[in-house]
Amino acid sequence: MAVQVHRERVQVGIVGAGPAGLLLSHLLAQAGIESIVVEARSRIHLEERIRAGVLEHETAAVLRETGLGDRMDREGLVHDGLFLQFLGAAHRIDLKALTGKGVMVYGQHEVVKDLIAARLNEGEVIRFECENVSVRGIDTQAPSIHYEHGGVNHEIACDFIAGCDGFHGICRTSIPPEALTLYERVYPFGWLGVLARTPPASHELIYAGHDNGFALLSMRSPEISRLYLQCPPDADLALWPDERIWEELDARLSRSDGFRLTPGPILQKSVTAMRSFVCEPMRFGRLLLAGDAAHIVPPTGAKGMNLAVGDVRVMARALERYYARHDGDAIAAYGPACLRRIWRVQRFSWWMTQMLHRFDDDSPFDRRRQLADLDYVAHSRAAATTLAENYVGLPMDWGDGP
Ligand code: RFL
Ligand code: PHB
């Protein structure tokens with residue numbers, strides 16, 4: 001029996017409608033390059049998936065410059081500082097005074113909502129709920145994306161495929177393993193994250209290093225708090241009833257000045273394992289990887305989504321140059337240009353993570369060294385500037401890109 005196949009063609013086929021895939025599609029459209037985004041999950045799932053919350057100064061600027069800043073500027077919270085907390089005292093790092101820049105607290109799912117709305121304005125360029133997605137011919141001039149939807153097989157022929165399908169996607173694993181070098185560190189802990197209906201107890205984020213483990217106070221709006229606790233990587237949520245979560249947050253975030261959290265209804269909870277990961281190179285033939293498909297950072301530096309934005313900005317520029325003058329060198333330069341920034345961000349995310357978390361095999365020496373690191377950042381303008389410069393974001397354009 002002949003199987004029906006629906007065939008179409010596009011310049012760039014994109015796998016994954018997270019921040020990387022959606023923003024790439026948006027940037028390409030602005031450059032007059034057509035793309036289609038193939039996504040495994042539903043629109044509602046993407047729009048409700050709670051993840052990152054901090055946009056670097058330049059990430060917010062990119063969204064604004066490309067027409068996506070209106071709601072962010074209305075509803076997002078501009079933060080000019082953050083607190084490092086240890087030994088029961090909070091120390092403010094004045095990002096604005098140290099770097100001239102701040103960050104924007106605006107949920108990743110809100111960015112995703114804005115991007116989906118902007119892309120769907122231009123037609124059916126996002127295909128949701130695609131099954132059995134695969135990529136073929138990635139080392140040829142004629143790669144293609146294949147998927148099933150509603151019992152029909154689909155094939156999209158493209159010039160290039162952008163693998164924006166996250167850490168567990170199929171793009172990176174379609175590359176022959178011998179063509180890749182993977183760098184990885186898995187941490188012996190995870191984060192238990194909760195979304196709670198209670199006004200944030202602090203108007204700026206608090207990163208707390210405590211003997212019981214790390215805790216973070218963040219937020220999504222003046223009414224909604226986002227809080228995290230270091231926990232075992234495979235923590236069973238059944239063992240974390242709401243009362244235990246509030247008790248532990250209170251213990252780790254309490255201070256000698258009487259600061260206290262106000263518990264409220266917990267709307268959502270989840271556990272995230274933590275790793276540092278980089279895949280090199282970021283391109284195999286005509287498949288280009290971006291975002292979490294190519295690298296993962298532990299969330300302590302608030303960098304994952306920002307790195308994804310940096311990658312696709314460079315990729316969009318490379319593709320623009322390719323189409324303007326068939327410049328294959330621009331495509332070859334994509335990965336190396338991104339990797340320089342990626343490794344600096346890896347370093348920062350690792351440094352924040354090891355400074356603030358408890359490791360089971362910490363010796364008393366390690367603990368004193370961690371506290372000395374925190375003390376140094378809290379009391380040295382030079383050390384605080386290093387943290388601040390990385391936190392608000394290193395420049396996305398190092399001048400050596402395609
Ligand atoms: P995503 O967002 O994972 O999107 C990948 C998309 O690909 C789809 N997909 C497939 N589609 C088709 N076929 C397949 N076979 C597919 N397999 C997967 C998925 O459904 C999904 O829609 O990757 P992207 O676009 O690279 O974006 C990366 C960011 O999502 C990630 O780095 C951040 O969320 C990380 N992160 C943070 N980043 C920040 O910049 N600032 C933060 O404050 C921050 N906090 C966090 C975070 C991540 C966290 N978790 C849950 C991992 C806090 C947490 C707790
Ligand atoms: C968040 O608001 O979800 C958040 C903020 C800062 C981080 C990680 C996550 O470092």
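Predicted model: local features only at pLDDT ≥ 70, side-chain atom pairs only at ≥ 80, totals over all residues.
One of its nitrogen atoms is 3.1 Å from a backbone N or O atom of Gly 304. A nitrogen atom of the ligand also lies 3.2 Å from a polar backbone atom of Ala 40. So how much of ligand 1 does the protein bury? On its own, ligand 1 exposes 1,000 Å², and 88% of that is buried by the protein.

Which elements give two or more residues to the shell around this ligand? They are helix 1, residues 19-30, and helix 8, residues 304-325. Helix 8 provides the largest share, with 3 residues. If you want to find the site on your screen, look for Glu 39, Ala 52, Gln 108, Asp 292 and Met 305, which come nearest of the 33 residues around ligand 1. Sorted by class, that shell holds 16 nonpolar, 10 polar and 7 charged residues.

Now let's move over to ligand 2. Here we meet a side chain: an N or O atom in the side chain of Ser 218 is 2.6 Å from an oxygen atom of ligand 2. The backbone takes part here as well. A polar backbone atom of Pro 299 lies 2.8 Å from an oxygen atom of the ligand, and for Ala 302 a backbone N or O atom is 3.5 Å from a ligand oxygen atom. Taken by itself, ligand 2 has 280 Å² of accessible area, and the protein covers 96% of it.

Two strands each give two or more residues to this shell, namely strand 14 (215-219) and strand 15 (224-231). There are 14 residues around ligand 2, and Tyr 207, Ser 218, Arg 220, Tyr 228 and Pro 299 come nearest. By class, we have 8 nonpolar, 3 polar and 3 charged residues in the shell.

Helix 9 covers residues 328-356 and helix 10 covers residues 364-379; their axes are 8 Å apart and the packing angle is about 120°. That angle is why helix 9 is described as oblique to helix 10. Which residues meet there? From helix 9 come Trp 351, Gln 354, Met 355 and Leu 356, and they meet Arg 369, Gln 370, Asp 373, Leu 374 and Val 377 of helix 10. In this contact, 5 residues are nonpolar, 2 are polar and 2 are charged.

To finish, here are two spots in the backbone. Most residues other than glycine have a negative phi, and most peptide bonds are trans. With that in mind, have a look at Leu 87, whose phi is positive, near 50°. You will find Leu 87 in the loop between strand 5 (82-86) and strand 6 (89-93). The other spot is the peptide bond between Glu 280 and Pro 281, which is cis, with omega at about -5°. Where does Pro 281 lie? This proline is in the loop between strand 16 (266-280) and strand 17 (283-284).

Technical notes: Residues numbered from 1 in each chain as written. Chains lettered and ligands numbered in written order. Heavy atoms only, no water. Near = heavy atom within 4 Å. Polar contact = N/O pair within 3.5 Å; in protein donor to acceptor, adjacent residues only side chain to side chain. Areas by Shrake-Rupley, 256 points an atom, 1.4 Å probe, with all protein chains shown as cover. Helix = DSSP H or I, 4+ residues; strand = E, 2+ residues; numbered from the N terminus. Nonpolar A, V, L, I, M, F, W, Y, C, P; charged D, E, K, R; others polar. Axes fitted to C-alpha atoms, helices over the stretch in contact; angles between N-to-C directions. Parallel < 35°, antiparallel > 145°, perpendicular 65-115°, else oblique. Contact = heavy atoms within 4.5 Å.
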